[in-house]
Amino acid sequence: MVIGRVPEQIVVIGAGMAGLVCALELMKQGYDVRLLEANSRPGGRIYTMRDHFADGLFCEIGAAFIGEHHFLTLSYAQQAGVQLINLPVPNRSLSYIDGRLIIDSPAEPAIWPVSLTAEERILGYAGMLEKYLMPGLKAAGNPFLPGWPTKQAVQLDSMTMDEYLRDQGASAGAMKLFEIGYMQMLGDGIRKVSALQRLLDLKMAGSERSSKTIVGGMDQLPKKLALTIGSNISYGCAVTHIEHSNKGVTIRFNHSGEVFTICCDRVIVAIPSKVLRTIHFSPPLSKEKNDVIQNQLSTSVTRTVIQSRTRFWNNLSSFATVNTDLKIGWLLDATFSQTTSRRGLICSYSSGESAREISRAGHFNSAVSEIKQVLPELSSNYEGGTVFSWDHNPYSRGAYAWYKPKQMIRMLPTLSAEEGRIYFAGDHTSLFPGWIEGAISSALRTVNQIIAGNSI
């Protein structure tokens, strides 16, 4: 903003982490900011479900943890004054494969029920990950350094993660192990997703030994940031039209059944591409911008949450998560940091086609049956539950962005570029979709775009 002028009016659409940070940082610079949010709460896909369970228990339905090198996220958490706690790290891992619960630990390596090479059996699961992933993690490079993407990064973006792992020599049995758990949670899995995106995401995930969550729920972070923004946020405002010219922007939105109009100098759109498709732009966005918005993919994620009368899983001594080859995907103890009740919550994290199947009407009971199959003691402790699909949420229409081969490097520069007085933020415009870190980095990039535009 140029000193001495009347403060520019900027409207931010979407009060997820990207929109909140955009608003906060622009307000610090003296801009006149208004934040429009269609939901009745801030946070977007940071969603701590609180109203379905007994004894004040809650479950993270979206973002659940902060990685050790998520420096932007850690900085805003410190600014907001939220308290962090380390995630539990068990001394052994649990997997459910072919109807069997498999225990794996450094002291007692698992005998995996898949066909592995002699070398793979000696390496064990952790050793296989290191052998097959390290070359790719190195080849992906550092996207923050000049000259990126390198030729190696471009090559990784031209193949699927499945193709990359096979090129590294992974056997069919090893591939089966890699197709359960975290490796499978981008898009429709390793057979479809860009190897470059999968490897960059693994870098961002980092070590679980240093990952943290927020005491009292992840939603404490957006709530406290929203309190700082105060009355500049308007909830229940669903934007339908954006008219723009070289002189300004006019925004039309629905609120409580009425249509309102607001005029501003610039607008930041901080909502997912699938939701952005529902907004009418006049004049239309450029063909290149519109094409990437129309074609950006979003991962299907469904969470099934079960309330248990007791935390019987404490008998397993190491239950924090269980990777399964079932449609329920990844099971976790959702209440490890909540100690005021004997009850507990078990959450399943399904992605891809499995998530879409569980979210279909009438499939909740089949998900519960699968959870009971993995944890039989749930049968005598079951007290009910709920299912949540990000695909069916009208303000997200999916969870986090994913890319097929040859999409990521091509689409990202267009997704993050401004068009006249319209700017674009959100984790889907960053190198790290699905992470709070990606959302914040996109917000800071957008703020810098605006400041740079005003300094010309």
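Which residue takes a positive phi in the hairpin of β17 and β18? In this predicted model, the answer is Gly329, with a phi near 75°. Five residues lie between the two strands of that hairpin. Strand β17 covers residues 321–324 and strand β18 covers residues 330–333; the two run antiparallel and are joined by three bridges.

Strand β17 also pairs with strand β6 (residues 93–97), again through three bridges, but here the strands run parallel. In β17, Val322 is the bridge partner of Leu94, while in β18 the bridge partner of Val322 is Leu331.

Helix α3 (residues 118–140) packs against helix α7 (residues 195–205) at an angle of about 95°, with the axes 9 Å apart. Because of this angle, α3 is roughly perpendicular to α7. On the α3 side, the contact is made by Leu133, Gly136, Leu137 and Ala140, and α7 contributes Leu196, Leu199, Leu200, Leu202 and Lys203. Seven of the residues in this contact are nonpolar, one is polar and one is charged.

Helix α14 gives the largest share of the lining, with four residues. By type, the lining residues divide into ten nonpolar, eight polar and three charged.

Definitions and conventions: Residues numbered from 1 in each chain as written. Predicted model: local features only at pLDDT ≥ 70, side-chain atom pairs only at ≥ 80, totals over all residues. Heavy atoms only, no water. Pairing = 2+ DSSP bridges. Axes fitted to C-alpha atoms, helices over the stretch in contact; angles between N-to-C directions. Parallel < 35°, antiparallel > 145°, perpendicular 65-115°, else oblique. Contact = heavy atoms within 4.5 Å. Nonpolar A, V, L, I, M, F, W, Y, C, P; charged D, E, K, R; others polar.
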